[in-house]
8 protein chains.
Amino acid sequence: DIACLDHHRQLRQGAPETILGASKTAIQMITIVAAMLRRDSNVLITRLDEDKAAQLLAEYPQGVYDSEARTFSLIQNPIEITGLGKILVVCAGTSDLPVAREAAETARMLGNEVEELVDVGVAGIHRLFDRLDLLRSAAVVIVVAGMEGALPSVIGGLVASPVIAVPTSVGYGASFGGIAALLGMLNSCASGVTVVNIDNGFGAACAAARINRRNSS
Amino acid sequence: DIACLDHHRQLRQGAPETILGASKTAIQMITIVAAMLRRDSNVLITRLDEDKAAQLLAEYPQGVYDSEARTFSLIQNPIEITGLGKILVVCAGTSDLPVAREAAETARMLGNEVEELVDVGVAGIHRLFDRLDLLRSAAVVIVVAGMEGALPSVIGGLVASPVIAVPTSVGYGASFGGIAALLGMLNSCASGVTVVNIDNGFGAACAAARINRRNSS
Amino acid sequence: DIACLDHHRQLRQGAPETILGASKTAIQMITIVAAMLRRDSNVLITRLDEDKAAQLLAEYPQGVYDSEARTFSLIQNPIEITGLGKILVVCAGTSDLPVAREAAETARMLGNEVEELVDVGVAGIHRLFDRLDLLRSAAVVIVVAGMEGALPSVIGGLVASPVIAVPTSVGYGASFGGIAALLGMLNSCASGVTVVNIDNGFGAACAAARINRRNSS
Amino acid sequence: DIACLDHHRQLRQGAPETILGASKTAIQMITIVAAMLRRDSNVLITRLDEDKAAQLLAEYPQGVYDSEARTFSLIQNPIEITGLGKILVVCAGTSDLPVAREAAETARMLGNEVEELVDVGVAGIHRLFDRLDLLRSAAVVIVVAGMEGALPSVIGGLVASPVIAVPTSVGYGASFGGIAALLGMLNSCASGVTVVNIDNGFGAACAAARINRRNSS
Amino acid sequence: DIACLDHHRQLRQGAPETILGASKTAIQMITIVAAMLRRDSNVLITRLDEDKAAQLLAEYPQGVYDSEARTFSLIQNPIEITGLGKILVVCAGTSDLPVAREAAETARMLGNEVEELVDVGVAGIHRLFDRLDLLRSAAVVIVVAGMEGALPSVIGGLVASPVIAVPTSVGYGASFGGIAALLGMLNSCASGVTVVNIDNGFGAACAAARINRRNSS
Amino acid sequence: DIACLDHHRQLRQGAPETILGASKTAIQMITIVAAMLRRDSNVLITRLDEDKAAQLLAEYPQGVYDSEARTFSLIQNPIEITGLGKILVVCAGTSDLPVAREAAETARMLGNEVEELVDVGVAGIHRLFDRLDLLRSAAVVIVVAGMEGALPSVIGGLVASPVIAVPTSVGYGASFGGIAALLGMLNSCASGVTVVNIDNGFGAACAAARINRRNSS
Amino acid sequence: DIACLDHHRQLRQGAPETILGASKTAIQMITIVAAMLRRDSNVLITRLDEDKAAQLLAEYPQGVYDSEARTFSLIQNPIEITGLGKILVVCAGTSDLPVAREAAETARMLGNEVEELVDVGVAGIHRLFDRLDLLRSAAVVIVVAGMEGALPSVIGGLVASPVIAVPTSVGYGASFGGIAALLGMLNSCASGVTVVNIDNGFGAACAAARINRRNSS
Amino acid sequence: DIACLDHHRQLRQGAPETILGASKTAIQMITIVAAMLRRDSNVLITRLDEDKAAQLLAEYPQGVYDSEARTFSLIQNPIEITGLGKILVVCAGTSDLPVAREAAETARMLGNEVEELVDVGVAGIHRLFDRLDLLRSAAVVIVVAGMEGALPSVIGGLVASPVIAVPTSVGYGASFGGIAALLGMLNSCASGVTVVNIDNGFGAACAAARINRRNSS
Ligand SMILES: Nc1ncnc2c1ncn2[C@@H]1O[C@H](COP(=O)(O)O)[C@@H](O)[C@H]1O
Ligand SMILES: Nc1ncnc2c1ncn2[C@@H]1O[C@H](COP(=O)(O)O)[C@@H](O)[C@H]1O
Ligand SMILES: Nc1ncnc2c1ncn2[C@@H]1O[C@H](COP(=O)(O)O)[C@@H](O)[C@H]1O
Ligand SMILES: Nc1ncnc2c1ncn2[C@@H]1O[C@H](COP(=O)(O)O)[C@@H](O)[C@H]1O
Ligand SMILES: [Mg+2]
Ligand SMILES: [Mg+2]
Ligand SMILES: [Mg+2]
Ligand SMILES: [Mg+2]
Ligand SMILES: [Mg+2]
Ligand SMILES: [Mg+2]
Ligand SMILES: [Mg+2]
Ligand SMILES: [Mg+2]
């Protein structure tokens, strides 16, 4: 057997298991999707390249592939907005868009209202200050940035809401595939910024959704 | 001049600036505390060693030094509980206690109810399962662990609330001063775990407080 | 001459030399296999890609290529089960399957009974607890996991038998091609877990076979 | 509370929890030892420096401190030899002795017959060949080496029994505190060598004990 | 002989050789200073700790030791301001002061007008915007920052003059002794920021002086 | 929207925003160029591969692609020489040419006179000494080198003008994609050498242009 | 101009400049070869892939391409054996052959008698001991090994002649492209082993040639 | 037993075993020296700190401790010059002296004529050119340098004899305890430079002695 699905996750955490497409074969994923559909679950696959997406669409034409976010989604049960506030996804440069879109797509699948703010990196910081109202209107802010990853520190100092930083592998040389941005974010002098893995838009959205559906128990 | 305090932070973010004691001299900190007291602010110093603490206590006997958490706090205005739910600080081993206590102290200073759960590492996992109710009662869970840093993944899979992982520098050899735990947490297969810097109990508490005071705007 | 085979190994260690296919040409391997067949030895090639496998199969149609494990085996002398107990190969996720299968194939070639347990990663830990009996029935447990590599710590705490951890390169970003999992395993808080190289299912099986054929001298 | 002992470990794994002394205070350890004595358990503390050892001996004069191995042991119930064969601890140079002794001490506490072979590094390889009989008489071989860590590869090629490699932090410059030896061992061309953390004599002994008490279930 | 002074440097580059005090003995430095005095040169020693400074002052009471900058200077020939404009040294936090002061001291010794701006890190970015006029009045800006090292990117986007970034080792955990800040600065999205070694206030000042004395040949 | 151009940069810094082509799609760049043309700005794209260049040339035949420098430039307003002196771009080996050419192209676009000196690495140092006059005639020297990156130290000791070092990824093995050269340059014993990111000819040229247009305010 | 050949090298060092083919275009190399032929120099290109080799052979059919060593040589002046003794190139495994052949080819071009010994890695150490006479007959020994790189330590302990170690990138996972072997060799406990860059067969041969042509001045 | 001396080394390699003092206790070394004296061997201890040296001198007053080289030598049999030519030890800065002296002391003990050239780093390269005759008179050149480690490349290009590069840990920040210098030397563009471990003056001297006593077999 190739997989042992965590069908119980919907109950424990309010969201079904997501499929990380990167190192699975199309055939493995088709098998897993079949099992999820039998359980009446919505399906989200991330990090899916175009070739495998085509094979999944051939099998499940009711699914949708977003080639920028590299996500495949198949919605059997309409998604209800259950998040309390708005999740804002900010990104530093045009090149960070795929990661930002993965975050936005995932957050929407998890029942949240999402807004996006693009290309407001710190080298032209007036672009950020022009949008202070938007920044402060969000319940959670996801900040996506590559290169030196300075944007979350600046935003973390401007808003009072939770800030989740996503380093991206955008850059070259001493960016070391996102390490520079990752370290920058982990060492943020703006207290209360938390960090996820490099290029992990999906994980940032999951964390934001946990925060946004949180009650005071 | 040696410092330019961000007095505006209380307004922007509901909490005064905290002093990172590690690389400041006692004299610098005494000066900064004086400026904060003039502004009628509460004071929290983190990463303060015993020698410098003694100098601060000599100057400000109304302050309190916690030698395990290595924090100095001086409360002029009684702290009100403004956090919506309970923040739970869990740690994997006895050796992780200083970081866990820094997190707990900071969260309390920021107006939150805090509970602690100690020495429930994954090598004897029944210890964790005995406390599932406590784990699920928290609004936010801070998980502190060194060595392989596996605890946040397990807890992240058991609760639906936000989980903030704090790697510690506990370990030796290939723990590389906390890198092993840090990487483990960044690569957590439990979706929605976010991470702060190694030994950064303070930052985890700030993030938890942001989450716990969050409204839906 | 291109190779100097260690024909003496069968005698010293009870198993013939294995061919690491990764950086050899098909022609080199065909030559080496010929030499082994002349010595009446069974043949195992690991890390063999499909192209080279085709060339080997053209030359030696009596061989078998397993495209998931990426192994080529040619059995001249039927394999006898000489291992004392059962070797259990556990893997954390579907993506770790190739490494797990390499371990299982190798262990079988070395004369052991092998069982496999797939996709029981720590984020849905009930899946593991459902199989405690199987885990405790094994003489040796090989645990294969990528990302944060936490599974061997949990299993190491649940069983009394030897546990061999195999980190895999599954993951992205700060998994650094398996470093995160490797470090997690080296720092396991479950005492008595030993570790092999990243993706080294072969080596784990060899170690398990040494253990499983061990007598008290 | 400062600790949550895994009293169940003796049952699950045939050995009580061991105390890692490195980052605990003497007072914390005295408390933990008290709890273990109440449970009628033998006590082993590792990585204990001389100062803390003195405090423990003052409290528990029936304990024994080995200043080379840096272990403290307190034996309430005489140790029975339950291991099936002999565990041989080999070390490459005089400077690796403390780690080798930690391994030997731990293996003895876990009920094994132990022998030691010292200073047989690969630069004078005849020293090793003079002792082939001893090497081949062991049920498990623990090989401790710093600098380039080549010894386990050579021994792994000479014996058929399980070989556990322990890299040490002995060396300077590009030994990087044991990384060179660790990598050497993980990449051993002798198949079936497994590795533990740098300087982790304790862990190697635990693994050897698991192997040596193993039955075929 | 212990040193071969580059007496020709004053001619080639308009400034005498500077003594890097860190790994020299006091006796070695006293000898070198004697040789420089014989050549009628001014003397600057950097990275000098208090103990060695005392020995140098005992020998050369006409020298001056700055315990924050850790510099010793002995001025035989009054320093003339030869730099064309003002060099501004900005630092992100109070803890970065020693490096900032080393830069300022060095720049002054090299004949430049110097101004300092302290504790204007990006987490409270209004502090920086309050001083835009000062920032834009400088001929060269040296920006000193630890932790995530984001300040040079923000300043680099605000001014048109050359910006030299100095990462500091201030921080802990994943700041890795200044690597996080160094990488952040090397990957700055503000084009035209150049970088010197971690904590190298001296080097930044030398570069600034080269720029500030530059003519169009 | 995919981009938020910093149109204000020309005013703040005397040069328009440049497009980093590496991780943008051709369509994204065509859109961005259109926006810049509407603002009457000159256009420079760096790190553009041949395929995308063809798409841009199809859309904007008035542009020019330099396949060695991998730059695309489109000049609407003739470039005036505004730099005060000459910028000299030196490179150590033939293999460093693409980075050197990127620097030269960029410096020219920014209004500077540029000269190039090629293949004068330190292993045949007489080649450098033959050109001392040229080296000393420059207002700013950009030094491009891979492998051990020693050239900037030698040149930094020979000239009095500002030296900007650009490490390249030329080399193999322990050059680690330019890390060896980068570290060499950061640790230069020639005081006053500053460094940019690996392969960042563009950034070096921007810094040189800042220096070369600098006035004493 | 694209190159500034060091024609003087033959005089200074008794051998012409060699062309590192890896990051040069075929056209660049054809130009450089032309310049060398005009100077009546023999030509050696290393790290040349098959495609570029074809272009060079088309232009210079008198040249010879060795596809295993990846070298192109063009001999105008017959090579005389000027080396005093024999250079022995030993390699640990079949996969290390390309690097070993590059070393052998280069050493021959530099006027040395060369012998090769293949596939005598330390896991089957009797293979090495069978050839002690050969090992001890060499004036210089070049030892090529990947994975843990232990072979030079063993050989360094067996012979009295100079031993040059060449780490190769053969291996996977924690071999990190040859870092494990490199570190192993740098930390060799056999005193007097020196090391060159990963995969640098060429450099090892140059060093061996320097040693072998050495006189006592 | 604590040591197994390689008494056979004098025969195999013409020099007795040397004692690496760094991680041995004084008592261990006294025991080892006693064993060597009984064998009528000369004694060399390296990396010996002042405290342990005092204990050794108390026991063996006929020994000599060199506090700069940190070596202890005890000569029972007068040393004969058996090396063919002169070994020249060059160092880049005053701070590199201890490593240079360790190399010189060791080379002398091994029967070689040694000369030293100090403080001729590449930032003032005329100092090196003033000594070309000396450089070219040596049979082997050992080049010791910290920081960027550029000196061996320059010298390697100037002489035809073998060049052994020793990186030192002199420097700070991104010198990473000698890594920058080590990488610089491994990537030297001067062909035929070989490298030893960071600060390993001893190993460089052993290699130089092997070269210098070499005959053509
Ligand atoms: N020398 C050692 N190296 C690694 N792990 C150890 C060592 N000694 C004890 N341990 C483990 O560390 C755990 C103790 O962690 P803690 O809860 O912090 O006391 C024990 O369960 C032991 O299995
Ligand atoms: N400074 C040094 N650096 C590296 N290796 C050394 C040094 N001094 C002595 N050695 C080697 O270290 C070995 C001693 O290791 P051990 O068995 O621990 O005494 C000797 O055989 C020497 O060849
Ligand atoms: N333990 C801590 N870890 C990380 N950051 C801290 C810590 N304590 C305080 N800080 C932050 O560090 C900043 C102080 O930097 P400085 O200007 O150098 O005083 C404060 O604004 C805090 O937000
Ligand atoms: N703080 C510093 N950081 C880096 N380099 C320095 C510093 N102070 C002095 N130097 C340089 O280090 C060189 C001294 O090296 P040495 O020959 O060992 O004295 C001088 O030529 C200075 O240019
Ligand atoms: Mg942009
Ligand atoms: Mg515990
Ligand atoms: Mg799964
Ligand atoms: Mg020894
Ligand atoms: Mg501050
Ligand atoms: Mg060249
Ligand atoms: Mg082989
Ligand atoms: Mg000097």
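This section describes the arrangement of chain copies and the surroundings of two ligands in a predicted model.

Superposition of chain B on chain C needs a rotation of 180° and 0.0 Å of shift along the axis, with an RMSD of 0.0 Å. Here B:Ala150 is the residue of chain B that comes closest to the rotation axis, its C-alpha lying at 2.6 Å. As 100% of the interface residues of chain B are also interface residues in chain C, the copies meet through the same surface.

The contact between these two chains is formed by 24 residues from chain B and 24 residues from chain C. About 1,900 Å² is buried between chain B and chain C, and carbon and sulfur atoms give 71% of that area. Polar contacts between chain B and chain C, by contrast, number eight residue pairs, with both residues at pLDDT 80 or more.

Ligand 1 is surrounded by residues from chains B, C and D, so its site is shared between chains. The shell around ligand 1 holds 17 residues, of which B:Asp119, B:Tyr172, D:Thr18, D:Lys24 and D:Thr46 are the closest. By class, the shell of ligand 1 consists of five nonpolar, seven polar and five charged residues. Chain B approaches a nitrogen atom of ligand 1 through B:Tyr172, whose side chain places an N or O atom 2.3 Å away. A polar backbone atom of B:Thr94 is 3.5 Å from an oxygen atom of ligand 1. From chain D, a polar side-chain atom of D:Arg9 lies 3.1 Å from an oxygen atom of ligand 1. Ligand 1 taken alone exposes 500 Å², and 91% of that is buried by the protein.

Ligand 2 lies between chains D, G and H. It is surrounded by 17 residues, and the closest are D:Asp119 and D:Tyr172 together with H:Thr18, H:Lys24 and H:Thr46. Five nonpolar, seven polar and five charged residues make up the shell around ligand 2. In chain H, the side chain of H:Thr46 has an N or O atom 2.7 Å from a nitrogen atom of ligand 2. The side chain of H:Arg9 has an N or O atom 3.1 Å from an oxygen atom of ligand 2. On the side of chain D, a polar side-chain atom of D:Ser95 is placed 3.5 Å from an oxygen atom of ligand 2. The area exposed by ligand 2 taken alone is 510 Å², and the protein buries 91% of that.

Conventions
Residues numbered from 1 in each chain as written. Chains lettered and ligands numbered in written order. Predicted model: local features only at pLDDT ≥ 70, side-chain atom pairs only at ≥ 80, totals over all residues. Heavy atoms only, no water. Near = heavy atom within 4 Å. Polar contact = N/O pair within 3.5 Å; in protein donor to acceptor, adjacent residues only side chain to side chain. Areas by Shrake-Rupley, 256 points an atom, 1.4 Å probe, with all protein chains shown as cover. Nonpolar A, V, L, I, M, F, W, Y, C, P; charged D, E, K, R; others polar. Contact = heavy atoms within 4.5 Å. Buried area = accessible area lost by both parts, 1.4 Å probe. Least-squares fit on C-alpha atoms with pLDDT ≥ 70 in both.
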